[in-house]
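Please look at the sequence and the structure shown here, and keep both in view while reading. The report below goes through selected parts in turn.

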Amino acid sequence: MSVVLADGLRKEFVVWAKAGRFRRSRRTVAAVDGVDLRIEPGEMVGYLGPNGAGKSTTLKMLTGILTPSGGSVRVCGLNPVPDRTRLARRMGAVFGQRSQLWWDLPLSESFALLRSVYRVSSGPHGRRLRECVELLEMGPFLATPVRQLSLGQRMRGELTAALLHDPELLFLDEPTIGLDVVSKEAVRGFLAELNQRHGTTLVLTTHDLADIERLCDRLVVIDRGRVVHDGTLAALHERYGSRRRLVVELDGPCAPLAVAGASTELVEADGRRQTLALDGPLPAVVAAVAAAAPLRDLRVLEPAIEDVIRKLWVG
Ligand SMILES: Nc1ncnc2c1ncn2[C@@H]1O[C@H](COP(=O)(O)OP(=O)(O)OP(=O)(O)O)[C@@H](O)[C@H]1O
């Protein structure tokens, strides 16, 4: 059974704009405009899009915070708004602006309170907590009041809080935003491990390209409330014509290379180093370069994710 099943999901908001001195005009905007989404157990899905595309609004509908204006939605087989309490036991959510932790309590006491909130028995709760403490290296700050934690430490606490009741599905809204490099890596490593060990389904929004590369097997891209891509990162590269690049080091100065299956993009050091964008098969291009000039070294650069995302956003 699909963990997330949305069909023609819509959310409209009414916005009022000033029209003249005393009048206001009413306008309806579709923040989410007919999204179809099917997510299977164990998938890691990036839900991406430019600012204002409708990502948060979708996640709010999937987690039962907002009632859809149209379409149908099922999450873990439940209807998120009316079944919100039952759904809360099956899913976890980490949304930056909503904390699950008690500000004045030590982290460990927040975790103990959450055990009662979700009515989890002490055995599974303790096992889960020990695992999170170990993987997220939280031992040194478990006794620290939440308000004294750094952002990275608090995020590790939020992740743990969202997972103590052992949810099968975890929603994350920008899980690494604002974190230092070490915490970003810790969070990414943890999420990948969680997915591998427990098969937890992950759905995350992010603007961080490293998150996308590390955590998203599948990318669902939305723009102006509509899905514009649903597939792997590789499929996205293919669709937008991203090309691999071949950097060749030559023995001496050389004119720009002209070989079939590639176009020369950059010529450096009197032609000793040249970068070619590949259109044809790599072995044929390498053979052609080797025949044209004395080759010292070469390396292949995979297409940069920045390029393809920029193309997507800019159109
Ligand atoms: N409560 C609301 N009332 C009116 N308009 C809203 C409301 N919430 C969101 N919107 C509008 O709906 C659109 C989608 O917003 P949403 O927050 O879902 O985008 P997003 O993709 O999450 O953006 P970001 O990456 O900036 O968080 C935006 O145009 C936003 O202004």
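## An exposed aspartate

Aspartate 104 is exposed, because 11 other C-beta atoms lie within 10 Å, and a residue with 12 or fewer such atoms counts as exposed. Aspartate 104 belongs to the loop that runs between strand E5 (91-95) and helix H3 (107-117). When residues up to four places away in sequence are not counted, aspartate 104 touches Pro145 and Arg147.

## The chain as a whole

This is a predicted model, and its protein chain has 315 residues, of which 35% count as buried. The secondary structure of the chain comes to 10 helices and 13 strands, and the C-alpha trace spans about 70 × 60 × 45 Å along its principal axes.

Three strands form an open sheet in the order E2-E1-E4, with antiparallel pairing. Strand E2 (24-39) and strand E4 (70-75) each have a single partner strand and stand at the edges, so one side of each is left without a neighbour in the sheet. On average, neighbouring strands of this sheet are turned by 30° against each other, direction ignored. Strand E1 (residues 4-18) and E2 run antiparallel and are joined by 13 bridges; within E2, valine 32 stands opposite lysine 11.

Helix H1 lies across E1, E2 and E4, and runs at about 125° to E1. Why can H1 (residues 55-62) be called largely enclosed by the rest of the structure? Seven of its eight residues are buried, so the rest of the structure largely encloses this helix; the buried residues are Lys55, Thr57, Thr58, Leu59, Lys60, Met61 and Leu62. After H1 comes glycine 64, whose phi is positive, near 85°.

## A proline in a loop

Proline 41 is found in the loop between E2 and strand E3 (44-48). With 13 other C-beta atoms within 10 Å, proline 41 is partly exposed. Its contacts, leaving aside neighbours within four places in sequence, are with Val3, Glu168, Gly199 and Thr201. Arginine 218 is 177 residues from proline 41 along the chain, and the C-alpha atoms of these two residues are separated by 13 Å.

## Two domains

The domain assignment of the protein chain gives domain 1 (4-238) and domain 2 (243-314). Taken over C-alpha atoms, the centres of domain 1 and domain 2 are separated by 41 Å. Eight residues from domain 1 and seven residues from domain 2 take part in the contact. On the side of domain 1 that touches domain 2, helix H7 (209-215) and helix H8 (233-239) each supply at least two residues. Sorted by class, this side of domain 1 has six nonpolar, one polar and one charged residues.

In helix H9 (residues 282-292), which residues are buried? They are Val285, Val286 and Val289. These residues cover an arc of only 100° around the axis, which puts them on the same side of H9, whereas Pro283 and Ala291 are exposed on the other side. The cover over the buried residues of H9 includes strand E10 (245-250), strand E11 (262-268), strand E12 (273-278) and strand E13 (295-301).

Among these strands, E10 and E12 run antiparallel and are joined by five bridges, while six bridges join E11 to E12, which also run antiparallel. Leucine 276 in E12 is the bridge partner of leucine 246, and leucine 276 is the bridge partner of threonine 264 as well. E11 and E12 form a hairpin with four residues between them, and in its turn alanine 269 has a positive phi of about 50°.

Key:
Residues numbered from 1 in each chain as written. Predicted model: local features only at pLDDT ≥ 70, side-chain atom pairs only at ≥ 80, totals over all residues. Buried ≥ 20, exposed ≤ 12 C-beta atoms within 10 Å, placed from the backbone. Arc of directions from axis to C-beta. Contact = placed C-beta atoms within 7 Å. Pairing = 2+ DSSP bridges. Axes fitted to C-alpha atoms, helices over the stretch in contact; angles between N-to-C directions. Domains from an automatic or database assignment. Nonpolar A, V, L, I, M, F, W, Y, C, P; charged D, E, K, R; others polar.
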